[in-house]
Amino acid sequence: MSETAVPQLELGRIGEIVPRVDGIPKVTGEFAYSSDLQAAGMLWGHTLRSPHAHARIAGIDVSGAVGMPGVHAVLTHEDVPGAKRYGLEFQDQPVLAYDRVRYFGEPVALVAAEHPEQARRATERIRVQYEPLEPIVDPERATEQDPLHPDRPTMGHGYRDDPRPNVVRSLVIRHGDPDAEGEVSVSGVYDLGIQDQAFLGPESGLAVPDGEGGVDVYVATQWLHVDRDQVAPCLNLRSEQVRIHLAGVGGAFGGREDLSMQLHGALLALHTNRPVKIVYSREESFVGHIHRHPARIWAEHRATRDGKLVNVRVRILLDGGAYASSSSAVTSNAASFACGPYAVDNALIESTCVYTNNPPCGAMRGFGAVQACFAHEAQMDKLAEALDIDPVELRLLNALAPGSTLPTGQQITGSLPVAEVIRRAAELPLPEPEKLPRDPLRLPGGSGNTTRGEGVKRGVGFAVGFKNIGYSEGFDDYTAARVRLHADGSADVHCAAAEVGQGVANVILQVARTELGSDDVTLAPHTTSTVESAGSASASRMTWMASGAVRDACRAALEERERTGGGEVDVERVYRHPRTTPLDPETGQVTGERVHVAYACAAMRVVAEVDVELGLTRVVWIGTAQDVGKAVNPQAVTGQIEGGTAQGLGLALMEEIQTRDGLITNASFTDYLIPTTLDMPPVVSELIEEAEPDAPYGIKGVGEPPTVVSTAAIVAALRAATGRELTRVPVKPDDIVGL
Amino acid sequence: MDVLTPRSLEEALRLKAERPEAVPIQGGTDVMVELNFDRARPVALLNLNEVAELRGWSRQDDRVWLGGALSYAEAMEPTLAAALPALAEASRTVGGPQIRNRGTIGGNLGTSSPAGDALPPLLVCGAEVKLASVRGERTVALSDFLVGPKRNVLAEDELILGVSVDAGVSRQTFMKVGPRNAMVIAVVSLALRVDGELRAAFGSAGPVPMLVRSDLDQIGSFPQRVAEAASPIDDVRGTASYRRHALRILTKRALDRCLW
């Protein structure tokens with residue numbers, strides 16, 4: 001059995017540029033991803049998935065598969081020994097479908113065989129009697145149709161009581177006088193398609209039975225302990241009998257918060273008493289994980305004639321798909337950020353997420369704030385135009401600042417330099433237009449050779465956005481770290497923080513080296529078996545939280561050694577950020593000091609060239625200023641900004657899961673396009689380091705703000721170039737041409 | 001699955017006659033995708049990579065012979081690109097460097113996709129496809145070779161040897177529209193060649209890439225004629241109305257380029 005080795009750093013403390021510990025192995029191809037795991041005697045698992053978006057299951061006959069060559073197990077819901085359902089927030093998702101299937105690709109049965117091809121062939125022999133039902137595919141009509149979950153699993157969790165069927169959560173924020181009138185009003189309706197995380201490493205992992213009834217699962221995931229807590233009850237095991245270990249992660253972006261193969265692999269491993277490996281195909285990955293919520297947003301902004309926002313009224317409709325996943329938190333986040341980083345005395349915000357038979361949606365980088373930002377920034381530009389005020393000036397005039405009160409009633413007590421990021425981004429010098437003729441690769445259409453300059457217009461766009469750092473609404477969010485000091489002066493650090501490519505392995509070592517004053521520090525494998533939970537590598541929280549936990553554990557270890565006068569020391573400490581409290585279910589107002597822990601903002605300026613006759617785009621240049629608190633590893637911060645910007649560019653221009661009656665029609669990288677190096681321009685990144693008072697070392701997370709803001713900024717540049725409204729992303733060539 | 005690897009053309013034709021179900025594979029950029037997506041499990045592959053007779057290109061008076069194994073990367077090399085510039089431009093639009101090193105003109109012909117990037121440039125150059133079997137050789141005009149989406153007239157015992165094209169003096173260009181700036185399947189594509197007449201061919205705008213010809217004095221109406229000759233559909237990559245619109249724009253721009 002192999003386990004991903006954690007390469008060790010040579011040196012590096014907080015604030016220094018430190019090469020990624022996994023950088024060289026990834027570039028040279030030597031890094032072991034979860035799909036590279038091997039074990040002696042290993043079987044291959046495969047999942048039979050629903051070809052229907054909505055159907056009743058009248059019966060499942062596995063007899064045709066059981067006797068197939070190489071087959072060791074064929075499992076259905078009847079073989080699930082414990083709880084039949086699981087879920088991140090609500091247990092509404094069947095381990096294996098039992099009475100009906102609610103989305104295209106829902107797992108129905110499992111096979112383990114000697115060879116992956118044998119497993120695939122055997123699943124084809126399983127006969128499932130489906131009775132197709134009418135799929136719910138229009139989120140606007142979902143609340144009038146039969147409930148997909150008659151037992152209403154998300155009701156009664158402190159949420160507003162909404163009696164309509166198929167509501168995952170609905171939230172209303174009433175702030176000030178929601179009927180307050182302004183002298184000027186602009187309104188619009190905005191749509192966002194379904195974006196996919198599109199990580200390159202498909203879902204994969206290895207489950208190994210321990211011979212004593214328990215199981216070890218090696219998997220690419222974002223939160224080891226919450227995987228364990230979902231897997232163990234379904235297997236009818238105690239939590240210590242299920243140990244989850246982090247295998248090499250090929251990208252996450254929220255898409256690995258939910259379980260993929262963990263439970264299925266463990267079921268097959270325990271059933272066969274053999275190690276079982278599951279690797280999703282690309283097509284299976286697209287149908288097998290949750291996506292970013294598609295949204296429709298109705299917005300009206302009322303302002304004084306000199307540009308001060310008076311009242312913002314927003315209605316947000318999110319399509320959650322068939323199961324809750326983290327939809328309830330996304331619903332709340334979209335509401336929290338609906339007005340953007342602007343002070344407004346009055347607001348009425350409604351955010352609703354519905355169940356449908358469309359692809360299931362959950363966490364993705366930006367988590368509700370991306371959808372909100374696309375709408376509020378389009379509105380701010382519209383308002384600037386209506387008032388004939390410079391769009392940057394309008395944003396500065398309304399910028400939030402410490403002391404401002406948000407629509408939830410929370411007062412900003414920490415750092416939030418909105419005006420500073422706006423000014424710094426707006427001051428970045430724009431590149432001169434490039435002369436013609438030029439290489440077609442430097443024109444819209446790129447290698448397609450479609451223009452020599454004909455039809456090309458240039459536009460400049462600007463956008464600002466903000467997002468919360470960490471988990472919200474009263475969630476007890478913590479991270480543990482364990483530090484062992486050895487007699488020879490060396491130390492090792494245990495923390496279950498998932499390294500998903502964001503660089504938290506470096507961060508942990510930088511903090512430990514800084515606190516211990518030593519370079520001889522080793523990072524132990526990330527696992528549930530030696531240390532308590534680290535929480536999720538999500539919500540731009542991991543750097544803040546892991547730094548807090550490792551700092552506290554290091555300081556405690558030094559004190560312990562001081563007290564004992566040397567020798568071996570082994571301490572574990574749990575770090576918590578300042579407490580948050582829930583929103584009032586009726587008013588959407590904060591019930592304590594804060595609903596979110598802290599906020600981070602970013603501003604972005606974009607130059608784009610658009611071939612207005614063919615509707616093709618080349619983003620020429622992007623400049624951004626981002627509020628990062630403290631850059632623990634400045635090179636990694638820049639990397640997060642560039643990567644996050646590229647993901648937002650993808651949503652702006654090309655990335656969309658397409659469906660027909662709930663069935664995904666483009667589940668491949670041939671037809672789900674993500675940006676290439678010819679689509680992504682150079683990014684000038686200004687890091688604004690203003691310490692967050694509540695965070696260790698003043699740190700803020702950096703992964704999400706660039707994604708929140710870049711979609712909005714890029715589409716603003718396209719609007720400037722084309723003069724069109726462009727109210728939907730991804731923007732299609734048809735939209736630019738006006739077909 | 002058997003993998004048959006002939007060392008000569010004679011052996012390849014014999015194997016194809018004995019095992020007509022064997023799927024020919026050269027670069028594998030189409031066949032392997034089908035295998036990896038579990039859409040095809042052929043009982044045998046006929047690996048043509050060791051058949052030297054299929055490689056390279058040569059000049060014969062005003063015509064150029066392109067072996068079936070000619071890669072896109074080879075079609076972009078300066079000497080051949082000077083003779084067949086539209087084919088070189090089309091080759092640059094295919095995938096990334098690795099795909100262009102592996103993918104071949106013969107494979108593009110064999111797959112006969114409506115979106116095959118090499119097909120419009122070959123059509124405007126009067127391509128004739130040479131097919132062979134143990135029964136003998138025959139030559140088929142490319143426009144007759146393509147009969148439907150991913151369908152052609154290849155008999156089950158036949159292999160594609162290569163294609164002969166007119167490389168006489170002309171102006172030509174190729175353009176391809178996709179929603180990102182590299183590595184896309186064509187939403188719509190167009191090749192244009194101007195010599196004694198106007199010859200345009202489009203891809204991804206009908207069941208097969210199609211040739212449209214006109215006299216030189218019809219320049220003004222030619223973009224509209226090309227757009228009207230198309231029979232595009234709505235699919236995940238684009239809409240029929242956009243494809244028709246884009247063909248008009250592309251044809252106009254291509255005429256400007258070639259008549260300048």
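**Helices, sheet and chain contact**

Colleague: At what angle to E21(A) does helix H11 (residues 504-516) of chain A run?
Modeller: In this predicted model, local features need pLDDT of at least 70 and side-chain atom pairs count only at pLDDT 80 or more, while totals for chains, interfaces and linings use all residues. Residues are numbered from 1 along each chain as its sequence is written, with chains lettered from A and ligands numbered from 1 in the order in which they are written. Helix H11 of chain A lies across strand E19 (478-485), E20 and E21 of chain A, helices (H or I, at least four residues) and strands (E, at least two) being DSSP runs numbered from the N terminus. Between N-to-C directions of axes fitted to C-alpha atoms, for helices over the stretch in contact, on a scale from 0 to 180 degrees, the angle of H11(A) to E21(A) is about 155°.

Colleague: Which strands stand at the edges of the sheet?
Modeller: The open sheet has four strands in the order E21-E20-E19-E22 (chain A), with mixed pairing; a pair requires at least two DSSP bridges. One side of each edge strand lacks a neighbour in the sheet because each has a single partner strand; these are E21 (521-523) and E22 (569-576) of chain A.

Colleague: Which residue in E21(A) stands opposite Val493(A)?
Modeller: Strand E20 (residues 491-494) of chain A pairs with E21(A) in the parallel sense over three bridges. Opposite Val493(A) stands Leu523(A).

Colleague: Which element supplies the largest share of the side of chain A that touches chain B?
Modeller: Contact (C-beta atoms, placed from the backbone, within 7 Å) joins 29 residues of chain A to 27 residues of chain B. Strand E24 (616-627) and helix H15 (733-737) of chain A each supply at least two residues of that side of chain A. The largest share, three residues, comes from H15(A).

Methods. Two residues are in contact if their C-beta atoms, placed from the backbone, lie within 7 Å.
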